[in-house]
Amino acid sequence: MSAVLRTVNRVLTGLAGLVLLALGGAVLAVGFDAPAPSWWVHQGPHDVLLSDAERTRWRDAGWWWPVVIAALAVLLLLALWWLVAVVRRRRLTEVLVDTGDGEGATLRGRALEEVLAGEADRVDGVERAGVRLTGRRDAPAARVRLLLAPHVDPGTALHDLTTRALTHARDSAHLPSLPAEVRLRGVKHGAERVS
């Protein structure tokens, strides 16, 4: 998720939460007979949200229902955009490979991920590896997660990963660079006895 989208998501979620919390708290307070301000919609626990006069006030106006429907449609489209932006897959589906003849070819992103993960699994001390490609198809980036054995030096495992698996993937796909974000985690193991 990009930084801008992440920020928009957090701001919208925070604002929606604050509005819902304020409205819900105010309705709950008025429901328990707390004094309400004069401008508040409800004046007491037995008050209705909309009176008959308020509900039928704009019924005969020709502009009322088109405006209501248009506003709700805009809100629906914004909510759908937000949902798609949050749920959308960030995985790179294909990588553009320069074949040297000016044509180019495409490589499935999933295939490159599996090959990278397989080579990363063969690095000494790596128990399990996971790879995800992100970025653009002509400039991919890799996110690598390594689960390391208990007594492995993380620096050595990282060096082996970059000089073997990542270099091999970059060279085989003829990429000018393959930036990678590597997350290392150790296998949980019990404490050893020292005598």
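**Notebook: charges and contacts**

I looked up Arg 110 and found it in helix H4, residues 109-121. Helices here are DSSP runs of H or I with at least four residues, strands are runs of E with at least two, and both are numbered from the N terminus. The model is predicted, so I kept to local features with pLDDT of at least 70 and side-chain atom pairs at 80 or more, while totals for chains, interfaces and linings use all residues. Residues are numbered from 1 along each chain, and side-chain values use heavy atoms, without hydrogens and water.

Arg 110 is partly exposed, because its relative accessibility is 37%. Buried means under 20%, exposed over 50%, and partly exposed in between (1.4 Å probe, protein chains only).

Next I checked Thr 134, which sits in strand E3. Thr 134 counts as buried because its relative accessibility is 13%. I listed its contacts (heavy atoms within 4.5 Å). Leaving out residues up to four places away in sequence, Thr 134 touches Arg 90, Leu 92, Ala 139, Pro 140, Ala 141 and Arg 143.

Then I searched the whole structure for salt bridges and got four. The term means a side-chain nitrogen of Lys or Arg within 4 Å of a carboxyl oxygen of Asp or Glu. One of them joins Arg 136 to Asp 138, with the closest N and O atoms 3.2 Å apart. Arg 136 is exposed because its relative accessibility is 53%. Asp 138 is partly exposed, at 44%. Glu 181 and Arg 183 also meet in a salt bridge, at 2.9 Å from N to O. Glu 181 is partly exposed at 34%, and so is Arg 183 at 46%.
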